[in-house]
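Hello,

Here is the structure for you to look over. My notes on its helix packing follow below.

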Amino acid sequence: MQGQAQQQAYDRGITIFSPDGRLYQVEYAREAVKRGTASIGVRTPEGVVLAADKRSRSPLMEPTSVEKIHKADDHIGIASAGHVADARQLIDFARRQSQVNRLRYGEPIGIETLTKEVTDHIQQYTQVGGARPFGVALLIGGVENGTPRLYETDPSGTPYEWKAVSIGADRGDHQEHLEENFRDDLTLDEGIELALEAIGSTSEEGTSPDGVDVATVSAETERFVELSNDEIESYLEANDLLATEDDEQTEE
């Protein structure tokens, strides 16, 4: 019983390391990320692609009310997996940091700089009593001086740079698909196709345009652009990923 009580104490204390050097609350926050629907990022020489699975829990829910991809600045997009409310707080923080950089230095913020500002903010919540870690992971993608960059943030406050990455549910399966099919010379269109294929790889019913968000930041324009449902549908149809009417009726 005494050992169990000690375990629970480490379990509750965000600022207390366990004897084997672990912060349990941070690990639980990572589990919260795994329960969120997937988001995928792909970096190509022509730009960055962000795609997110936003399947709604009910046919009565408005698909437009489910937001998984956000514009942080003209040249930066952010996709999330995990607690949506936590994601909104971090995205608002990222937007403020982007604005401060423009006002202070008269230039857009760098992707790496913004990522480290966000992860520094996240890390503070792993060492302060009376708070909890953010139960969300982010993909921060954009173009910096013509160079596409893609970063992942972790609930521990650690940044990682990737060529292609998945966060959220079914990460292992998505990551395996990305590793098998990623090439360094992908075009932006091929990056969109790869991201949608990865999301569709874990769905037997196919994917509907309402159930996925896609955004790009082109290296040429350095502008964040969200794809319309019609554009997404054309990509899904071209790659045989589009859910048929029979599949949709079966789901209902």
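The crossing of H3 and H4 is right-handed. The label follows from how the near helix is turned relative to the far one, by less than a right angle: clockwise is right-handed, anticlockwise left-handed. This is a predicted model, in which local features need pLDDT of at least 70 and side-chain atom pairs count only at pLDDT 80 or more, while totals for chains, interfaces and linings use all residues. Residues are numbered from 1 along each chain as its sequence is written, and side-chain values use heavy atoms, with hydrogens and water left out.

Helix H3 spans residues 84–105 and helix H4 residues 111–124. Helices (H or I, at least four residues) and strands (E, at least two) are DSSP runs, numbered from the N terminus. H3 and H4 pack at an angle of about 135°, with their axes 10 Å apart. Axes are lines fitted to C-alpha atoms, for helices over the stretch in contact, and angles run from 0 to 180 degrees between N-to-C directions. The pair is therefore oblique (under 35 degrees is roughly parallel, over 145 roughly antiparallel, 65 to 115 roughly perpendicular, the rest oblique).

From H3, Leu90, Phe93, Ala94, Gln97 and Ser98 meet Leu114, Glu117, Val118, His121 and Ile122 of H4. Contact means heavy atoms within 4.5 Å. By class, the contact of H3 with H4 has 6 nonpolar, 3 polar and 1 charged residues (nonpolar: Ala, Val, Leu, Ile, Met, Phe, Trp, Tyr, Cys and Pro; charged: Asp, Glu, Lys and Arg; polar: the others, Gly among them).

Ala87 also lies in H3. At 1% relative accessibility, it counts as buried (under 20% relative accessible area; exposed is over 50%, partly exposed in between; 1.4 Å probe, protein chains only). Leaving aside neighbours within four places in sequence, Ala87 is in contact with Ser80, Val136 and Leu138.

Now H5. Which residues of helix H5 are buried? In this helix, residues 171–181, they are His174, Gln175, His177 and Leu178. They sit on the same side of H5, because they cover an arc of only 160° around the axis (taken from the directions from the helix axis to the C-beta atoms). Their cover includes strand E1 (39–44), strand E8 (164–167) and helix H6 (188–200). Exposed Gly172, Glu179 and Glu180 are on the face turned away from the buried side.

H5 and H6 pack at about 145°, with axes 9 Å apart. Their crossing is right-handed. His174, His177, Leu178 and Asn181 in H5 meet Leu194, Glu197, Ala198 and Ile199 in H6.

Best wishes
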